[in-house]
Amino acid sequence: MCKLTGHNYRTVVKYLEKNDFNEKIEKNSDDKRGRPRQIDSVIGIIDQWLMQDKSAPLKQRHTAKRIFTRLQEEYPELLSVGYRSICRYVSEKKKELYKESRGYIPLSHPSGEAQVDFGKAMFYENDTAINGHYLSLSFPYSNAAYTQVFKGENQECLLEGLKTIFEYMGKVPYKIWFDNLSAAVVLGKNKTRSLVKQFEQFSLHYGFEATFCNPNSGHEKGHVENKIGYVRRNMFVPIPRFTSLEDYNKELLLKSDSDMDRKHYIKDVKISDLFEKDKKQMINLPIGC
């Protein structure tokens, strides 16, 4: 039998004498696999955050990256494992709670251009829950972006958000891609477009070219579509709480700057360095701004 199977004599005898092949093998208490894992120190915290997410909007729940970042910031003394270990645990835990899959499409664009869109997110102002909106102006070349929060998604919010970001940067993108926002454009017969008067005056004042996607073609501004999700997951989780919307928007501009202190996902160069190249291709603010 040993020659036939190629196994050791003792192994062959062990299985010949075995009556129940479904019998579970008890783990040795001294086995390394039975010892506490390094990740155990933060599992309770992770589980709590993921359970709280079940009552949060679907797109405002923690990702593994956001959990790892929060653990680094809030519980550095307990965190003794790397991102991959956290990622594996979060993935398995989420399968118990709900199934999710996310992805993004990397895009390439010339420097100096921007894309803009609105997203939705919940926040608390003076302990009052508000289903709010946020405007993101993204720069596909560098992967940078700036964000501002509002209670609505009208023309006033669009123009105020762009104006605030332009003045903060001290520059204006020479071309900005828009979806067919009713605050900016009116679609007529045969897919003709007419700019809303106030928006047209705004674009002429700042000197940028407004370019609009074809109907039902959001992929034409795919960078900002992905950035909307990134901002929601990384800036609005956990759900923001503040007393002053104006002060919070100032804080978001600083957070957007801080977010550029990382490498581009393809170019292996800091986003902040690439953004400087973006700004060199932009136009100056009009005199008086």
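**Close-up views of a predicted model**

**View 1. The second largest pocket of this predicted model.** Let's start with the open space: the second largest pocket holds about 470 Å³. Its lining draws two or more residues from each of α4 (64–74), α8 (222–235) and α9 (245–259), and α9 gives the largest share, five residues. To find your way to the centre, look for Arg66, Glu73, Asn234, Met235 and Lys255, which lie nearest to it among the 19 lining residues. Sorted by class, the lining has nine charged, seven nonpolar and three polar residues.

**View 2. Gln60, in the loop between α3 (40–53) and α4.** Is this residue, Gln60, buried or exposed? Gln60 counts as buried because its relative accessible area is 2%, and the cut-off for buried is under 20%. Two polar contacts are worth a look here. The Gln60 side chain reaches the backbone nitrogen of Met122 at 2.9 Å, and a polar atom of that side chain lies 3.0 Å from the backbone oxygen of Phe236. Setting aside neighbours within four places in sequence, the contacts of Gln60 include Asp53, Ala121, Arg232, Val237, Ile239 and Pro240.

**View 3. Strand β5 (residues 175–178) and its pairing with β1 (residues 113–125) and β8 (residues 209–212).** Here you can follow β5 to each of these partners in turn. β1 and β5 run parallel and are joined by three bridges, while β5 and β8 pair in the parallel sense over four bridges.

Methods:
Residues numbered from 1 in each chain as written. Predicted model: local features only at pLDDT ≥ 70, side-chain atom pairs only at ≥ 80, totals over all residues. Heavy atoms only, no water. Pairing = 2+ DSSP bridges. 1 Å grid on protein atoms, 1.4 Å probe; cavity = no way out; pocket = protein on both sides within 12 Å on 5 of 7 lines; lining within 4 Å. Points joined across faces, edges and corners; volume = space filled by probe spheres on them. Nonpolar A, V, L, I, M, F, W, Y, C, P; charged D, E, K, R; others polar. Buried < 20%, exposed > 50% of the residue type's maximum accessible area, 1.4 Å probe, protein only. Polar contact = N/O pair within 3.5 Å; in protein donor to acceptor, adjacent residues only side chain to side chain. Contact = heavy atoms within 4.5 Å.
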